[in-house]
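Welcome! Have a look at the model shown here, and then we will walk through a few of its features together.

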Amino acid sequence: MKKRIEINVALEVFSKDEWTEMDAKLLSEAEKILENAHAPYSNFLVGAALLLENGQIFSANNQENVSFPVGVCAERAVLSYAMANNPDIAPVKLAIVAKRREGMELATVTPCGLCRQTINEYEYKFGRSIEILMLGPDDEMFRASGIDQLLPFRFSDLND
Ligand code: THU
């Protein structure tokens, strides 16, 4: 072996008394909108709320399709809408909440690969990190400080 390249990643876990007011607001918006998800095939409801640097908040949910791969995740739905309407305003924080339709407990969801790549795109576009908050059961909040924590070795030049 000529060389070994290692990246360490971490998620931080916070209890409710440690959330910021904005964390609580975004998680609550995400939890509210998951109820409107169009998810008749998986019955897995996901809500996402996005904060832009000017304070605007957008939210969306997953939109499935009878042709399964056509479905869109909540994260990409909210990023696409917010960025379509605010092409010059950086997104700074994304909250994600999920649950099974019949379930009482929240599921702990981290974004899928496509969504990670999409989050990466807007970090790259604006040159700043997007914090990612994921709510689990018992009001535990998992926090990734940026997409580098979820998508190490993402598409980029390793020499940069
Ligand atoms: N889903 C999301 O919306 N976001 C995620 O982070 C994980 C998965 C959706 C896709 C599909 O509609 C359903 O959840 C089950 O995978």
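## Around the ligand

The ligand has these residues around it: Ser-42, Phe-44, Val-46, Asn-62, Glu-64, Cys-73, Ala-74, Glu-75, Val-109, Thr-110, Pro-111 and Cys-112. A residue counts here if one of its heavy atoms lies within 4 Å of the molecule. Sorted by class, this shell has seven nonpolar, three polar and two charged residues. Ala, Val, Leu, Ile, Met, Phe, Trp, Tyr, Cys and Pro count as nonpolar, Asp, Glu, Lys and Arg as charged, and the others, Gly among them, as polar.

Before going on, please note that this is a predicted model, where local features need pLDDT of at least 70 and side-chain atom pairs count only at pLDDT 80 or more, while totals for chains, interfaces and linings use all residues. Residues are numbered from 1 along each chain as its sequence is written, and side-chain values use heavy atoms, with hydrogens and water left out.

## Polar contacts

Which atoms come within 3.5 Å as N or O pairs, the cut-off for a polar contact? A polar side-chain atom of Glu-75 is 2.5 Å from a ligand oxygen atom. For Asn-62, an N or O atom of the side chain lies 2.9 Å from an oxygen atom of the ligand. Ala-74 places a polar backbone atom 2.9 Å from a ligand oxygen atom. The ligand exposes 370 Å² when taken alone, and the protein buries 76% of that (Shrake-Rupley method, 1.4 Å probe).

## An aromatic pair

Tyr-41 and Phe-68 form a tilted aromatic pair, 5.4 Å centre to centre with 40° between the planes. Ring centres must lie within 6.5 Å; planes under 30 degrees apart count as stacked, over 60 as edge-to-face and the rest as tilted.

Note on methods
A polar contact is a pair of N or O atoms within 3.5 Å; within protein, one must be able to donate a hydrogen and the other to accept it, and residues adjacent in sequence count only if both atoms are side-chain atoms. Rings of Phe, Tyr and Trp (its six-membered ring) pair if their centres lie within 6.5 Å; planes under 30 degrees apart count as stacked, over 60 as edge-to-face and the rest as tilted.
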